[in-house]
Structures are given as structure tokens and as C-alpha cells.
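I opened this entry to record the domain division, the strand pairing and the nonpolar cores.

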Amino acid sequence: MTIEILTVLPELLTSPFEHSMMKRAQEKGLLTIKLHNLRDWAINKHGQVDDYQYGGGAGMVMVCEPLANAIDQLQEAGKFDEIIFMTPDGARFDQKQANTLSLQNRILIICGHYKGIDQRIRDLYVTKEISIGDYVLSGGELAAAVVVDAIGRLIPGVLNDETSALTDSFQDNLLAPPVYSRPADFRGLTVPEVLLQGDPKKVDQWRSEQALIRTKQRRPDILDHE
Ligand code: 6GU
């Protein structure tokens, strides 16, 4: 899978993909991340990509031409399966969306800044608008990093058995159960007996119960109501 990211701040997006799972995914050749600086398509030699908005009001808008020219040029190498615009007024990102997007071959993520991008780019090019939650970030870059990480780890072959996505919170509409490691007694707090007894069936049953209890307590909203 190839994920290309169009941004005015590519520097902000180097480190997040150079470690851990995202590093492994790229080293294994399962994920390619390409960062593109929107200023390479600026409307003048000052690197300008924004302008005042029609109708007045505070805040600059990212103008059409650099974005359109960038997208057109990038698509000369082949059409994107999705062109995603990161924006707080997009659809809230969740595990289901991550699962779906992880099956694509080639996607473009556009990071917004200032008051956003000219509506006509959204009308003409954007196929999906994503928000990562109900709060406002200074730009789409950190949100894009979140989305790429969530997608990247789901690409077949990225995770091994030990890190399997099948036991993640949210994958089955349940939060993950509590986990314990050594020592069996830490400051008087002991590990639940069932985990020490070595009966895999009982352990599975305990984990299912705990996942359900935790989900009911913390996130009753995500439980399946059939
Ligand atoms: Cl995608 N962008 C910005 N600027 N703020 C956000 C967001 C995105 N998602 C939540 N807040």
C-alpha cells in the first residue's frame, strides 16, 4: 500500500513513521509513505499557497491552484483510490474506517491549515473527509499521522501473532481486558488467580468477561445492540 501525504509541513510527519510498527511496515515493503510539500506547487516564488477568503472574515484559505496542480501531477503516476481531506468537520475516524482503508492500494491524504481549503477542491477531488475527534488541531498533520498509523498496522503482514490486531480494543466492539506481567505480587496488588493457573479456556472466558465489564463501564455506547 502506498500512502501519499500533501502538506505545508512535511517535517512534522517524518518522525511518526520512522519507529516501531510503521518502520517495520516500510522495511517489509508492505507500506510506502511519500511526503509532498505543497509549497512545491506554490502560486509564486514566495511559496504562497493561501489567500484571504471571499466575503471577508479572519483566517486564510488554502487556494485551489497549488492543490489542484499537485493532485493532478501526483495522479499522473496513477489514480488514487481515495483522496482524503483531514478536517475537523469530516466524519469521525474509527476502527471500521481504518479496516476499510487498509484494503486500498494507493491513497492521498491532504492536510489542511488555516481556515481550510477552497471548497471547490473538496467538490472536485476529495472522496473522503476525516476528523479524528471533536476538538480542533492547528493543522491536519497530527491527525494524518494518527490515521496512517491506524491503517498501516492493519495491512496484512505488518503485525505478527504477538501483536495481532484481532485482540485490539474496538476490533469486536469491545475494549481490551486488563493485562498483567511479572511480578505476581506488586506492592500487595496481586494478579488474578485464573491467569496464574494455566487453563487457557478459563483464561479466555475471564478475558471475555472482563472485556464486557470494562466496555459496559467505560463505553456502553460501542456495545452491539442487536
Ligand atoms: Cl483532521 N484537523 C484538524 N485541524 N483538527 C482536527 C482534526 C483534523 N480532527 C480533529 N481535530
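I looked up the domains first: the chain is divided into domain 1 (2–152) and domain 2 (169–224), with bounds from an automatic or database domain assignment. Taken over C-alpha atoms, the centres of domain 1 and domain 2 are separated by 37 Å.

I note that this is a predicted model, in which local features need pLDDT of at least 70, side-chain atom pairs count only at pLDDT 80 or more, and totals for chains, interfaces and linings use all residues. Residues are numbered from 1 along each chain as its sequence is written, and side-chain values use heavy atoms, with hydrogens and water left out.

Next I examined strand pairing (at least two DSSP bridges between two strands). Helices (H or I, at least four residues) and strands (E, at least two) are DSSP runs numbered from the N terminus. Strand 5 pairs with strand 6 in the parallel sense over 5 bridges, and Met86 stands opposite Cys111 in strand 6. From strand 5 the chain passes through helix 3 to strand 6 in a right-handed β-α-β crossover, that is, clockwise with the strands pointing away from the viewer. Strand 5 also pairs in the parallel sense with strand 7 (residues 128–131), over 5 bridges; here Ala91 stands opposite Ile130.

I then turned to the nonpolar cores, sets of buried Ala, Val, Leu, Ile, Met, Phe, Trp, Tyr and Cys residues joined through side-chain atoms within 4.5 Å, where buried means under 20% relative accessible area (1.4 Å probe, protein chains only). The largest has 31 residues, and Ile3, Ile5, Phe17, Met86 and Ile109 have the most contacts inside it. Helix 5 gives the largest share of this core, 7 residues.

Terms used: Buried < 20%, exposed > 50% of the residue type's maximum accessible area, 1.4 Å probe, protein only.
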